[in-house]
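The exercises below go through side-chain contacts one at a time, each with a worked solution. Please keep the sequence and the structure in view while you read.

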Amino acid sequence: MALRGGRRYILCTMKRFAIALALLLAAAPMLALAQQTTPPRTQSPAQSAPRGAGVVRPLPPRVDLGPSADVEYANCLARAAKEPELAYEDAMGWARTRGGGEPALHCAAVALFNGGLYRQAAQAFTDMAGRYRDRRVLIRASLAAQAGHAWLAADDPTRAVAAFNVAVDVAPDVATFWIDRAEALAAARKYWEAIDDLNRAADLDPRRGDLFAFRAAAYRKVDAFDLALEDAERAVRLAPRMPEAWLERGILRAHKGDKNGARQDWRETLLLDPESPAADAAREQIERMELGPR
């Protein structure tokens, strides 16, 4: 079982973030793009343990395309979130007949992803990354990571690891890419390797609460419960608005026999985001605790 769930996480998170991120990142600097290729995770470590796949964030268009291209790219990504099939057709038309170039092709890849054609999307992102082999290193890393997310959504962690290997090799100082690869390793049940990557990410960015929630879940998978609880406590302190942090700490408190503490944490999960996958997992945990062994 992976550290985080798959398609449900991707699709619900994409709906929440895609349009706003498209508008926000249309003119983002390259470094900010690389650092924010995926937002803080919102899938429950308990449903698997960190992954699933993350959001495929948009890339900024080439700086020499001008403001009209920026607007068309943002509009294309907004449509890709709502009408992926039509957005794909529009993006390919833009690429073929109106010189849309890389922004158009990237929008087409995002549309494939949103439409559930994960393998085709992964290949499209991979092809784009290849065209950046000798330029714009951080864009290449981001595209490789997006391919990795698509492979994870396609339930192919082996190819996901390979894609994230490129991102990590190209941009080793970006914590997000190490977290991404940890997801894929966890999906392949290589939990200790995932922990190694999360350790590296923690060295690079020790204030990310999501990172510690996912490492807590990974430690739990290898029965390192004391280390897991330590990380869960840190996750709650750093990210008190993250439902997954409370969920994971509740699971670990229950394991330690602290049923009251676990129940409080799961209720906090429900209060923070009652419609989230983390909340679904919290309800299951509460029900299991109330019913007891059968």
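**Exercise 1: a charged pair**

D226 and K256 form a salt bridge, with their closest N and O atoms 2.4 Å apart; the term stands for a side-chain nitrogen of Lys or Arg within 4 Å of a carboxyl oxygen of Asp or Glu. The model is a predicted one, in which local features need pLDDT of at least 70 and side-chain atom pairs count only at pLDDT 80 or more, while totals for chains, interfaces and linings use all residues. Residues are numbered from 1 along each chain as its sequence is written, and side-chain values use heavy atoms, with hydrogens and water left out.

Task: Work out which parts of the chain the pair D226 and K256 ties together.

Solution: Helices here are DSSP runs of H or I with at least four residues, strands are runs of E with at least two, and both are numbered from the N terminus. As a last step, consider accessibility, where buried means under 20% relative accessible area, exposed over 50%, and partly exposed in between (1.4 Å probe, protein chains only). D226 is exposed at 57%, whereas K256 is partly exposed at 45%.

**Exercise 2: another charged pair**

Task: Determine whether D156, which forms a salt bridge with R119, is buried or exposed.

Solution: The N to O distance between the side chains of R119 and D156 is 3.4 Å. R119 belongs to helix α6 (residues 118-131) and D156 to the loop between α7 (137-153) and α8 (157-170), so this pair links distant parts of the chain, 37 residues apart. With a relative accessibility of 11%, D156 counts as buried, while R119 is partly exposed at 40%.

**Exercise 3: aromatic rings**

Task: Find how many aromatic pairs the whole structure holds, and describe the geometry of F113 and Y118.

Solution: The search finds two aromatic pairs, where rings of Phe, Tyr and Trp (its six-membered ring) pair if their centres lie within 6.5 Å, and planes under 30 degrees apart count as stacked, over 60 as edge-to-face and the rest as tilted. F113 and Y118 have ring centres 5.4 Å apart and planes at 65 degrees, so the pair is edge-to-face. F113 is buried at 1% relative accessibility, and Y118 is buried at 6%. W192 and Y219 also form an edge-to-face pair, with 6.5 Å between centres and 75 degrees between planes.
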